[in-house]
Amino acid sequence: MSVWSAVLLAACICVVLKAFGYLIPAHFLEAPRPARISDLLTVALLAALVAVQTLGSGQAVVVDARFPAVLVAAGLLYLRQSFLVVVIAAAGVAALLRLVGWAA
């Protein structure tokens, strides 16, 4: 199976799953338990994406300038700073660490 065949198969599966979602009755999705699960699942998937993008490099786990930058961003978000301040501060920390040669 070529890469394009796999991409097309995955796209078709996604379309079928999305169409199947319209067949689920609304009262089932509005119940408290499924709503809570979908809220928590969204947060868990976002956290996993951040962890993989921060610590992953190919098949290896790498701690470089991205990790302290994410920690600074998390701290500033905890302190309720504006998103622009968070992004600029995290980018500045990563840039300074790369400038001093701590990470590539």
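Analyst: R80 sits in the loop between α4 (66–78) and α5 (83–99). Helices here are DSSP runs of H or I with at least four residues, strands are runs of E with at least two, and both are numbered from the N terminus. The model is predicted: local features need pLDDT of at least 70, side-chain atom pairs count only at pLDDT 80 or more, and totals for chains, interfaces and linings use all residues. Residues are numbered from 1 along each chain as its sequence is written, and side-chain values use heavy atoms, with hydrogens and water left out.

The phi of R80 is near 65°, a positive value in a residue other than glycine. Most residues other than glycine have a negative phi. R80 counts as exposed because its relative accessibility is 75%. The cut-offs are under 20% relative accessible area for buried, over 50% for exposed, and partly exposed in between (1.4 Å probe, protein chains only).

α4 and α5 each supply at least two residues of a nonpolar patch. The patch covers about 760 Å² of surface and is made by V63, F67, L71, L96, L99, V100 and W102. Patch residues have over 30% relative accessible area and no salt bridge; nonpolar side chains (Val, Leu, Ile, Met, Phe, Trp, Tyr) are joined within 5 Å, like charges within 9 Å. A salt bridge is a side-chain nitrogen of Lys or Arg within 4 Å of a carboxyl oxygen of Asp or Glu. Areas come from the Shrake-Rupley method with a 1.4 Å probe, and for residues only the protein chains shown count as cover. L99 lies in helix α5. At 68% relative accessibility, L99 is exposed.

D64 is buried, because its relative accessible area is 11%. The D64 side chain makes a polar contact with the side chain of R66, at 3.1 Å. Such a contact is a pair of N or O atoms within 3.5 Å; within protein, one must be able to donate a hydrogen and the other to accept it, and residues adjacent in sequence count only if both atoms are side-chain atoms.

How far can you trust this region? pLDDT is the predictor's confidence in each residue, from 0 to 100. The protein's mean is 90, and 98% of its residues reach 70 or more. Confidence is highest in α5, at a mean of 95, and lowest in helix α2 (residues 26–29), at 81.
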